[in-house]
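The following note comments on the structure shown below.

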Amino acid sequence: MSFLAELRRRNVIRVAGLYLVGAWLVVQIAETLLPIFETPGWVLKALVVLLALGFIPALAFAWVFELTPGGLKREHEVDRSQDIVDRTARKLDIAVIVLLLAVGALVLWQNRRAPAPPATVAADADAAGATAPGAAEGDPGTVGAADTAAAAVATKSIAVLPFADFSPGGDQAWFADGLSEEILNALARTPDLQVAARTSSFRFRGSELSIPDIARELGVAHVLEGSVRNAPGRIRVTAQLIRAADGFHVWSQNYDRDAADIIAIQEDLATQIATAMQTSMDPEALADMASVGTSSVEAYQAYMRGVAKVSRGDAAENREAYDYFEQARALDPAFAAAHWRGAAYWMGQMDPTQTVAIRSERTYAQMSADFTERIDLAIRHASSDSERLGYRAMKAERDLRLREAIELYGTYLAEHPGHLEATNQRIALLVGIGDDAAVRRMLDDIWPLAQTRVEFALAHINHAHRLPDRQRAGDEAMQLFERWPDDRSVLYQAHRALLWAGRVDDARTVLERLQAVSEPGAEWAALPPARQACAEGRRAEVEAALDAMDADDLSQRWHLLMLLGRGDEAAELLQPLEREGNTFALAGFLAYRHFDPTPFPSLMRVLEREKVQRAPPVPLPFACPAAKAAP
């Protein structure tokens, strides 16, 4: 009898097949379930090794022993004249067939594609209340067009939730937040991937909503979640990419590494996620996308601490973040992103219309020099032409080369469609030069996304109310208010848009909700109630608010003076900016249609150089009634 025939007779071949199929199933199931319990990565590797080591002993066991109704017997003790061997073979054949069917079912499940057909995505958008601009609720033609656009975007879209800090001391929040944001920023460089920005996804920190519900709120097809846990000298990171349609784990990974490996962890995470999302980037482009821009672990740690501070959105923490970026710059003078972050800080400080601006003893000239030094270094050390393009656009904007900045941001957006910050900056610049037609085109392009992505919704209503069609902006503001009744930024902008549309009662409803969700002392808290008071004819309340306001709060005082119809005083209030040469800060007021630039010669020279034909100021439709003349 040949050796092969003997293997068959002793059922060794059947046992080999059963073992291999069963082991493959065990590994696949373990790969899906282990990340849920945050099991270290070595556990899965150890399981694979153990199964591989067990293969030969299993075959040897099958050669020596035979399974009989009387239990296991040594092969030479079995009576071959009976049908025991045949019955055992049939049982093994049935077991192999069952496992193969399970394998087939698992393969079919894993191969289900993430993109839903347009009808499914449209149904989700309908459930969320999506309506195209200017359309009535339920208009099938217009809504369908918007839903089709949303479906095209949703096929490759992702939200990065803030990673949870599971460290025993709870002291790794900076690393968890920084890692989340840096992965998000890396993915945002992928041209064919829509990434929900931090201000949206971070709203769901600690949320009890299910992943499908979060994905539906953010208008994305995939969600990345993860956690961070530290031990002395070690860092453990768990990440899971989840398909929202069915909750399936498209990809998961555990990292249990030395704390010095944080750069490698972040770069590997970004690359693997982009690969799992099947983007069009080639390996070289993926490497550029995932690069953190420094090889210094100490510099990167300082940078991530700064990023975590910035993500909180608080002016004081923004200042602390700047100190970390300065540390990163000092540790690695070629760290372009750290230079850019430092430049962005000073750009915000030079403009009192920004909520991050804080009082400083530094002069405008000193802040300007600090900005220029850092942005020039960022441009010089940028790791790619695409990254350099964004830095150049920022410098052109700061230097008030308005049309060049608009062009640069446009080119950047062609490579990074849907990028929030570049979209906002380009719209703001177009508003500043009075190109309402271009603004409207951009707003129309993003409105299908605005229904499902709060950042674009903000970009939309923040600028749409300045256009002639204010009622349309008011309708859109109410849709967003109903969609996100707890988002302070949405409520702030929606309230202003409604007042521009003359919808005072709707504005009052939004204001009440805004005040309910705002913390005491929140930035710009005085303006919404002052606007509402003027719209309702309560001038005395606004005058009292002005008297109580800090004399150094230029921007809010300017707004209140304009509400009160005291335009000459408002212009005089900003004259110190003219005298110190801070034309950049004055240009920030161009975003307001009721701002008059003519009292400021330096700003008028910029507008003339840029060939800007700005329309006359538009009176506030919700300004306070005139003061009564004394008897």
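1. Buried denotes a relative accessible area under 20%, exposed one over 50%, and partly exposed anything in between, with a 1.4 Å probe and protein chains only. By this criterion His249, at 16%, is buried. His249 lies in strand 8 (residues 248-258), strands being DSSP runs of E with at least two residues and helices runs of H or I with at least four, numbered from the N terminus. The side chain of His249 is joined to that of Gln240 by a polar contact of 2.9 Å. Such a contact is a pair of N or O atoms within 3.5 Å; within protein, one must be able to donate a hydrogen and the other to accept it, and residues adjacent in sequence count only if both atoms are side-chain atoms.

2. The model is predicted: local features need pLDDT of at least 70, side-chain atom pairs count only at pLDDT 80 or more, and totals for chains, interfaces and linings use all residues. Residues are numbered from 1 along each chain as its sequence is written, and side-chain values use heavy atoms, with hydrogens and water left out.

3. The chain has 631 residues, of which 50% count as buried. Its secondary structure comprises 30 helices and eight strands. Contact means heavy atoms within 4.5 Å; among contacts between residues at least 6 apart in sequence, 63% join residues at least 24 apart.

4. Gln172 occupies the loop between strand 4 (164-165) and helix 7 (173-187). Gln172 is buried, with 10% relative accessibility. Leaving aside residues up to four places away in sequence, Gln172 touches Asp165, Ser167, Val228, Asn230 and Ile235.

5. Helix 14 (residues 336-349) and helix 15 (residues 364-381) have axes that come within 8 Å and cross at roughly 150°. Helix 14 is therefore roughly antiparallel to helix 15, a term for angles over 145 degrees. Axes are lines fitted to C-alpha atoms, for helices over the stretch in contact, and angles run from 0 to 180 degrees between N-to-C directions. Residues making the contact include Trp340 and Trp346 of helix 14, and Phe371 and Arg374 of helix 15.

6. Which residues of helix 26 are buried? Ten of the ten residues of helix 26 (residues 554-563) are buried, so this helix is largely enclosed by the rest of the structure; among them are Arg557, Trp558 and His559. The buried residues of helix 26 pack against helix 24 (527-535), helix 25 (539-548), helix 27 (567-573) and helix 28 (575-579). Gly565, which follows helix 26, has a positive phi near 75°.

Definitions and conventions: Parallel < 35°, antiparallel > 145°, perpendicular 65-115°, else oblique.
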